[in-house]
Each structure stands twice: as C-alpha cells, then as structure tokens.
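Me: Please walk me through this model, from the overall fold to the ligand site. Keep it brisk.

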Amino acid sequence: MTLSRQQFLGLSAAATAAAALPLDDSLRGVAARHGFMFGAAVRSGALIADPRYRALVLRECGLATPEGELKWNAVDADRGYDFHRAEAIQTMLAPSGVRLRGHTLVWHNALPRWAELALATSETGRQTLADHIQAVMAAWRGRIDSWDVVNEALDPGEADGMRRSPAFRGVGPDYIELAFRTARAAAPMAELVYNDYGLEGTDTRSDAKRRALLRLIEQLKMRDTPVDAVGLQAHLSLEQAFDQRSYAAFVRELSGLGVDIHVTELDVADHSTEAVSVRDRRIADRTERFLDAVLDTPRARSIVTWGLTDLYSWLNDWGRYYRRDLTPARALPFDASYRPKPMADAIRRAMRGAPARAV
Ligand code: XIL
C-alpha cells in the first residue's frame, strides 16, 4: 500500500495524538484521557535486569519516581555528585515519553554521614542545604519537571508540629523556606512539592498531622514561599480506619490554600490472614475510597504508586513492615507475576469517576 503525503501526515498526526493520549486501558492511558498522570516508583536495578518489569512500567506509567536513586546518599555520598543510577532510569524510560519526578532533596533519612553532620551545624547548615538543592536541580534542569523539595518535615508529637531533623536543628525552622526558595532559583520551571505521610487516619495523631500540614502550607504561602503542590504519600494500611468524607474535606481545604495535590507513594499494607482474593478486594476497596476522596478536588493531578508490582515493594524488603505471618505484601496494582489485581481496576474506576478536569 502506498500512502499519499496527506494520508501519511494524517496517520502520523494520529500516532502522535495516540502517544499523548493512549486509547488503551493501561493506567497511563486512562489517566491521560481523564486529565491525570499515573505512574510508579521504579528501581534502576530491576529495570535493567528484568525485561518483563521494564515492559510493565513502559505500558502502565506516564510518570516514574526513582525510588532511591536521587536521594542524598545516592547522589552525593562522598562529596562528589554521581547520577549514574538515576540516569540509567532516564535512558530506559524517557524515550517512551515517561516523565520523571525528583525524589527527594531535603529529608532526615538517606543522608550520608557528612551531610547529616554539616546540616545539623549552624555554621555549615544553610550553605550545605542550598548547595545540595542547587547542584542536584541544576543537573536535572529540563529533565525533571516536578521535585519533592522537602520530605516528611512534620512530627505531630512536637508542640509546633515540626520534626527535629538535622536541617531543623542546624538551619532553624526556616530551613523549609530556604529550601523552596533555593529550588525555585535553581530550576524556575520545575514544580516544587512538599511531601509527607501519616495523614489518612482517624486517630488523634493523624488529625494533628493534618492540622500541622495545613498550618505549614498556610505559613509558607503567607510568606510567598514558592511551594506549588503537596504530595500525599498515602502509605495506607487496612489496620487504620479511614473516613472518606472528612479526608475529602481535608484535601479540599489543603488545595484551597493554593496548591496542587499529588498522590506520590500509594500502597496498601495489610496483616489479614484471609484468602488472597479477599485481601485483594479489601485493598482495592480502600484504594478506591481513598482516591475518590482525593480526586474529588479539581487540583488533584497525579497518582504514583510506590512500586508497580508486588515483586518489588519496599514493604517486602523492610523488616518493620513484614507482615506478621511473613507472607508477601499485596500492596500494589500488579501481582508478583505482573498480572493486574483488583487494585488496578480500583485506580481506573477512581480516575474515570472523578469530576471532569481539563485533558
Ligand atoms: C523507601 C524505599 O522504598 C526503600 O527501598 C528504602 O530502603 C527506604 O525508603 N517515604 C518516602 C520514601 O518518602 O522515600 C521511602 O522509600 C518510603 C517512605
């Protein structure tokens, strides 16, 4: 068959549109058609070693967050930047149009010892913080357009709600403002995100943390600090009660402060010893109720799960999160054989059912 130039152009325009807006039932495709982005945390080692995993990520994800490859101890363990692991991810995913999220610049974990000491000292804290943000964001300028600038700064156990992290101790309470201002200057086009966990429960601790988050964002906005969005990590647990209506009200109030909302690390832990099919159904149900609450606000933009297949879930690597019966977690949308679980359908349903937003 020979094509006229016109037919050829028509076909390639359609192909381009399809690439931007896949018509299939992948999570990426459904997200794109409903004005969202869908993605997952990814591991460079597994992407290299496991072609089936790589194919799954490319099929399902429009976004990918390096799970550890951009943390401080991964990029600057010993005073000399090294991005090769994050770059491996970019090389494998970017040509297929997968966008990367940067995670994370300022966190009390994953700090090399030298940085932990330097941050916690008032003479060196400010410069160390600013230099790190500047160097990492400049290196990725144009390649990463959304960054978790500050991660997990809140502690509902403190009277002021602020975690006593190394940066808090060395720089002082305004380290968050310093971080966001430095980030804006380093990459003016990048979206700057404040990211945190432990916000979903109905217990007093979750409630205190929600209030601390609202207060933090309100204060940052009052001082014109360039924070564009809040990342709700959403490490959910079936052992924790969830109130959809009050959580939706919280997300609405948060977005009303003038920030976009992202779900940045969704997964669902459980300790049930029931049949896997029962557990999967419950996990899907919790996922759907949670997402319904979040996507209710028009400023909710993206959903990222913390891993894509149960084969590579941090819940299975970390001692403290091992299930009490030591069987594997079922926390993610695809099982350990890369097959979709009810959780994948739940994510699709939530996106399809959300109030319409611009595509
Ligand atoms: C976790 C990774 O998944 C693990 O592989 C790593 O060992 C520790 O960090 N909140 C965050 C993430 O912001 O960076 C954490 O990721 C999970 C909790």
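**Fold and ligand site**

Reply: The protein chain has 15 helices and nine strands, where helices (H or I, at least four residues) and strands (E, at least two) are DSSP runs numbered from the N terminus. This is a predicted model: local features need pLDDT of at least 70, side-chain atom pairs count only at pLDDT 80 or more, and totals for chains, interfaces and linings use all residues. Residues are numbered from 1 along each chain as its sequence is written, and side-chain values use heavy atoms, with hydrogens and water left out.

Me: What percentage of the 359 residues is buried?
Reply: Buried means under 20% relative accessible area, exposed over 50%, and partly exposed in between, using a 1.4 Å probe and protein chains only. For the protein chain, the buried share is 55%.

Me: Which residues come nearest to the ligand?
Reply: A residue is near a molecule if one of its heavy atoms lies within 4 Å of it. Twelve residues are around the ligand. Those that come nearest are Glu67, Lys71, His103, Glu265 and Trp306.

Me: How far is a polar side-chain atom of Trp306 from an oxygen atom of the ligand?
Reply: A polar contact here is a pair of N or O atoms within 3.5 Å. On the nitrogen side, a ligand nitrogen is 3.1 Å from an N or O atom in the side chain of Glu152, and one is 3.3 Å from such an atom in Gln233. For Trp306 and the ligand oxygen, the distance is 2.9 Å.

Me: How much of the ligand's accessible area does the protein cover?
Reply: Areas come from the Shrake-Rupley method with a 1.4 Å probe. On its own, the ligand has 410 Å² of accessible area. The protein covers 82%.

Me: Is Glu87 buried or partly exposed?
Reply: Glu87 sits in helix α6 (residues 84-93). Beyond its neighbours within four places in sequence, Glu87 is in contact with Trp140 and Arg143. Because its relative accessible area is 30%, Glu87 is partly exposed.

Conventions: Polar contact = N/O pair within 3.5 Å; in protein donor to acceptor, adjacent residues only side chain to side chain. Contact = heavy atoms within 4.5 Å.
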